[in-house]
Amino acid sequence: MKDTHTIIAHLLAADDHPPLSREPEFIKAREALEADPQLQEAYEEAKQFHEQHPVLIRTDEMPQDVRNRIRKELERKMPLITTTRIEMELSPWTVRTQFAWAALLVLLLAGMSVLSSLVLDQQHSQEMEVAYRNQPPQDAFRSYVGKTVQDMPFLEFKSRDTTELVSWMHENKSPAVSAPTQLMDETGIGCANLKGPNGTVSLMCFKVQGKIVHLFITDNETVDVSDVQPAVKMKIQQREAVQWNDAAHTYLLITHDKRQELPEIFL
């Protein structure tokens, strides 16, 4: 490497980009500098000029052939650049921070999903209340029963003993109900006090002959009934049902599954 300008250019480039100093051309330039006092003087002058006027070192005004030579040199060095691995190490704090943000995002999305479900449920509930108000009281009661069975009723108290179910309902401000004797002799499942379209509706669930049946009970006033009426068979939401009332309460017994038959004893 005998060209003074080439040697100085290599040395200046190594000053700006230290990793280049390990390349053979730059090592030779450094050796030449150490062996030639005149080259050292020229290098110091060029270095001083470069430091004082960095804005003058531009590529947009270079001759085309110079830029072509630079491009070829960069292409020749490309394998060195592409094979160099860059490894990033994340500190425990960074990992915890990123995890916290991810968890927060998951919670936010979950919260939005729950909120959307609540809004939809509330809208559906309001629509059903409007529909019930536009129906005669007995029709509203039957519609409510069908929808409750279809949506799987929530049981507040569970027991296989039917007397315990009745006791719980009395203790929790349920109407003074008395289930038919035939049902009281069967296996209990659970019970609940529900908010019906026109008042409180009590629910008792039983297992009869291996099948689940639901007994809904409400005060006669809520369904606008005043006289005692005998049992009447009907279909609600494709389920067999039977409704009757005594002097105080209206009863509606319905199967849990569609096309399930009510035991003959209740018909």
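How many disulfides does a search of the whole structure find? I get zero disulfides, taking a disulfide as a pair of cysteine sulfur atoms within 2.5 Å.

Ground rules before I go on. This is a predicted model, where local features need pLDDT of at least 70, side-chain atom pairs count only at pLDDT 80 or more, and totals for chains, interfaces and linings use all residues. Residues are numbered from 1 along each chain as its sequence is written, and side-chain values use heavy atoms, with hydrogens and water left out.

I checked C191, and its nearest cysteine sulfur belongs to C205, 8.3 Å away. From the C205 side, the closest cysteine sulfur is the one in C191, too far for a bond. C191 is buried at 0% relative accessible area, and C205 is buried at 3% (buried is under 20%, exposed over 50%, partly exposed in between, with a 1.4 Å probe and protein chains only).

Helices. I looked at helix 1 (residues 4-16) against helix 2 (residues 24-35): the angle is about 110 degrees and the axes are 9 Å apart. I note the pair as roughly perpendicular, a label that covers 65 to 115 degrees. Helices here are DSSP runs of H or I, at least four residues, numbered from the N terminus. Axes are lines fitted to C-alpha atoms over the stretch in contact, with angles from 0 to 180 degrees between N-to-C directions.

Contact (heavy atoms within 4.5 Å) involves I7, H10, L11, A13, A14 and D15 of helix 1 and E25, F26, A29, R30, A32 and L33 of helix 2.

Notes:
Helix = DSSP H or I, 4+ residues; strand = E, 2+ residues; numbered from the N terminus. Parallel < 35°, antiparallel > 145°, perpendicular 65-115°, else oblique.
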